[in-house]
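Open the model in your viewer and keep the selection tool ready. We will go stop by stop, from the surface to the inside.

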Amino acid sequence: MLLVWMLGFPMLIFSVCGLQPQLQHATKRNETGCPLTLTPSEMVVRFGDPVLINCSTSATDVEGMGWEAPFGGTGFERPPVVTWRVDKVEEWSPNPFCYVTLNDGSQCAVSPLITVYKTPDSVPVSDMGRGPMVEGREYDLKCDVINVAPVQNLTVTWYRGNETVLTQMFNDSTMTPVNASSTLRISTQRDYNGLTFRCEAELHLGPKGPKFPPNVTSPPYTAVVLYKPFMESCPDYVTVNESAAFSIDMLSCQPDGNPFPTVQWFYEEKLINPSRSLTRTDSGKYTAVVQNSRGRSNTSVHITVEYSPSFTCKEHYEITVNDKHQSICEPVGLPTPTLTWFKDGKQMVSPQRWKKNDSGKYLLNAHNTHGTAEHTLYLEILYSPEFKNGNESKQVLQGEDVTLSCSADSNPPSNIRWVYTPAVNSNVTNEGHQKIITITRATSTNAGYYICVAENKVGRNTRFVTLMIKGNTSKVLFPAIWAFLTLLIIGLTLLVVYFHNRQKKRGQYNFVPVCQMSNIAI
């Protein structure tokens, strides 16, 4: 530094080579009492913007003061204030300092802390030519920050959508503009398809910097992720009403995949038209096959088609007595309808078994959550033959006329016949639904069993009648006894003659007096 007198004023001339050591020495003196104040002492200025710093002193023994700088320096001026003014900062490290010369010839200097910054020209994001992405693989996205200064104040923040996923800072001390880059490694998921990634370059310039840190955000990078197809939002079970004309393409199922998949629906392993309305016969499992270049997947839905009640019954039924009540006429419907029987306008309690007096006209009412149906039918109860009387025994006198009748209660009417031993004096006739056997002047040959057989298509039944003939025993018994005694006397006489002849031939003779013969009983 040289002190030169020009025009009566002392001037300080600093050599370029000796500037920094003198500045450090002057700064040290200021820390211990250099009578200079900078306003502001620190500042942040954007490259190309104007700057103004005042240097003042409160000392009274000052000979002169001034600014020394690569540009915008001043001459040796009178105190108390000297200003460093620059219309456009175009140096990255201006390093100006303000100096003062006291009356005793001593000097000191102070330098403001100036940061010159520049926001990036552009901040692009790229996949470095590796797109589109495939699910499950790792990829790097690169954020290039072009022409930024100072890089040591740079922070790069990565966003996936609106979520912060990475923040990176730099420790390069270069004050001039440089290019910087940040890399984000991602493991791709199908959810990333169509998602935007972006990076933000922000200069954190401290408390003296702008209130809102200067930043530049990249254009969004939209990820394209290829992945296998699947069906989403698909229910496991669906219940629909047949009257709603529901079709498969009305399901909430949404195919997803990249590339967008094709969809085919199958029912019982057969390809179907998904826009066709389902009917009551179409309940079951439906399977969607979704496919693209990355693969295929299956999704199944169980569909139940409900419908209102209806009857497919006849108008006339023949029912065998004791048949189950539920086996007559059942309505169809889903859910299973509630069935109510009416007879003669009154609701009836369904019997467990049908009885023979249950024949008649019935109204059937079926109801479920989807509607009501009615059906009228006539019920005819069929039953096997039944006799009013059971087996019996009948006794008549010989020579009397006998009438045996047989009838049975049944539906349909029975075919009745008698099983017996025919006789010339017996005859069978019909009278209404009865079979009658007429025996004229019964004899012992008419005695015996008479079996009545009643039969229809439901079954058969039999009834036994035992007929006994009661005759005049004296007229029959005495002649038989006399005939027996006569034969007995004849037989005995022959035996006596036979044995008498045999004894006479052997020389032995026995004579019975005639008077004793009269004592032999006949």
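Select L488. Is L488 buried, partly exposed or exposed? L488 counts as partly exposed, because its relative accessibility is 42% and that class lies between under 20% for buried and over 50% for exposed. Keep in mind that this is a predicted model.

Now show the helix around this residue. L488 sits in helix α2, which covers residues 473–505.

Together with L488, they make a nonpolar surface patch of about 700 Å².

**Whole chain**

Zoom out and colour by secondary structure. The protein chain has 3 helices and 40 strands. The accessible surface comes to about 31400 Å², and carbon and sulfur atoms account for 52% of it. What share of the 522 residues is buried? Buried residues make up 35%.

Consider contacts too. Take those between residues at least 6 apart in sequence: 62% of them join residues at least 24 apart.

**Into the cores**

Hide the surface. Select L141, C143, V145, L154, V156, W158 and F197. These residues have the most contacts inside the largest nonpolar core, which has 29 residues. Which elements give two or more residues to this core? They are β12 (133–134), β13 (138–148), β14 (154–160), β16 (178–187), β17 (196–203) and β20 (225–232). Strand β13 gives the most, with 5 residues.

Stay here and centre on L154. Leave out residues up to four places away in sequence. L154 then touches V145, V148, Q168, M169, F170, A180, A201, E202 and L203. Another core lies apart from the largest one. It has 26 residues, among them C34, L36, V51 and W92. Select those four to find it.

**Last stop: N365**

Select N365. This residue lies in strand β31, residues 360–368. Is N365 buried or exposed? N365 is buried, because its relative accessible area is 17%, and buried means under 20%.

Now look for its partners. Set aside the neighbours within four places in sequence. N365 is in contact with T338, L339, T340, F342, T372, A373 and E374. Pick out E374 from that list. The side chains of N365 and E374 make a polar contact at 3.3 Å. Draw that distance in your viewer to finish the tour.

Technical notes: Residues numbered from 1 in each chain as written. Predicted model: local features only at pLDDT ≥ 70, side-chain atom pairs only at ≥ 80, totals over all residues. Heavy atoms only, no water. Helix = DSSP H or I, 4+ residues; strand = E, 2+ residues; numbered from the N terminus. Buried < 20%, exposed > 50% of the residue type's maximum accessible area, 1.4 Å probe, protein only. Polar contact = N/O pair within 3.5 Å; in protein donor to acceptor, adjacent residues only side chain to side chain. Contact = heavy atoms within 4.5 Å. Areas by Shrake-Rupley, 256 points an atom, 1.4 Å probe, with all protein chains shown as cover. Patch = residues over 30% accessible without salt bridge, like charges linked within 9 Å, V, L, I, M, F, W, Y side chains within 5 Å. Salt bridge = Lys/Arg side-chain N within 4 Å of Asp/Glu carboxyl O. Core = buried A, V, L, I, M, F, W, Y, C linked by side-chain atoms within 4.5 Å.
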